[in-house]
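Visitor: I would like to learn how to read pockets and sheets in a model. Please take me through one.

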Amino acid sequence: MNDADKANSKCLIEAVDVDKSYTTKREKIHVLVQTHLKVFSGEVLGIVGASGVGKSTLLHVLGGLDRPVKGSVIFKGHDIYKQGNGYLDNFRNVHTGFVFQFFNLLPDFTALENAMFPALIQDKKKAVAKERAEYLLCEVGMKDRMHHKPGELSGGESQRVALARGLVNQPDLLLADEPTGNLDTYASDQLIELIRKLNQEFNQTFVLVTHSQRVAGQLDRVLELVNGKVSPINSNLVI
């Protein structure tokens with residue numbers, strides 16, 4: 001997404017002055033400090049930073065998994081942490097998808113069954129969930145491997161299944177936490193190429209946390225998290 005595209009794009013989700021801290025027996029650790037960022041519909045946004053700086057925490061706050069101490073997370077005009085009962089569950093199940101570094105595939109189930117699970121949790125009919133999962137597994141290059149269990153798949157294949165699973169409910173936003181962290185360079189480049197393909201074909205919005213400058217260089221826009229705040233590290237100054 002270039003600057004002209006972004007000018008015509010809507011802000012999908014925004015973190016406004018978000019604070020997040022944790023208290024240990026010895027000290028209070030400030031992870032996010034008045035953090036502010038916007039994610040635009042249809043972009044692939046990267047968040048980089050040193051290990052332990054709070055990138056995953058920021059992703060979890062955006063995804064409704066970890067409530068901030070202060071500040072707001074605005075999704076389509078609504079603060080996700082200030083709505084009524086059931087809103088957060090619906091936000092996580094319907095509007096967001098998650099992809100994690102360690103895949104989190106269930107070992108006793110096939111790739112197809114793993115990809116179907118989020119749809120089944122939404123009480124969608126099994127036939128509907130299967131059709132959608134099969135379609136996505138074909139899209140991510142797993143047509144001939146969808147009946148294999150995770151133990152029979154490579155790391156790159158497992159991450160492709162995880163990506164299909166994250167997209168099965170057609171979420172507005174897909175959040176990926178170090179999705180290439182356990183992959184070699186070839187598999188990593190393939191996964192990012194696949195994410196770009198899905199972004200272009202479906203106008204799918206992605207936010208990727210990564211420690212890899214190689215990966216970051218292939219994304220639309222990159223923010224760096226330092227001392228609890230984000231700042232742009234490429235030519236686009238929108239945060």
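**Pocket and sheets**

Guide: The largest pocket is lined by 15 residues, and Arg 92, Asn 93, Thr 96, Phe 98 and Pro 118 lie nearest its centre. This is a predicted model, where local features need pLDDT of at least 70, side-chain atom pairs count only at pLDDT 80 or more, and totals for chains, interfaces and linings use all residues. Residues are numbered from 1 along each chain as its sequence is written, and side-chain values use heavy atoms, with hydrogens and water left out.

Visitor: How is a pocket found, and what volume does the largest pocket have?

Guide: Rolling a probe the size of a water molecule over the atoms shows where empty space is left. On a 1 Å grid over the protein atoms alone, a pocket is an open set of points where a 1.4 Å probe fits, with protein on both sides within 12 Å along at least five of seven lines; lining residues have an atom within 4 Å of a point. The largest pocket has a volume of about 360 Å³, that is, the space filled by probe spheres set on the points, which are joined across faces, edges and corners.

Visitor: Which elements give two or more residues to the lining?

Guide: Helices (H or I, at least four residues) and strands (E, at least two) are DSSP runs, numbered from the N terminus. Here they are helix 3 (87-95), strand 6, helix 4 (111-121) and helix 6. Strand 6 gives the most, with four residues. The lining divides into seven nonpolar, six polar and two charged residues. Nonpolar means Ala, Val, Leu, Ile, Met, Phe, Trp, Tyr, Cys and Pro; charged means Asp, Glu, Lys and Arg; the others, Gly among them, are polar.

Visitor: What is the order of the open sheet of four strands?

Guide: Its order is 2-1-4-5, with antiparallel pairing. Strand 2 (28-40) and strand 5 (78-79) are the edge strands. Nine bridges join strand 1 (residues 11-23) to strand 2. Thr 23 has Lys 28 in strand 2 as its bridge partner.

Terms used:
Pairing = 2+ DSSP bridges.
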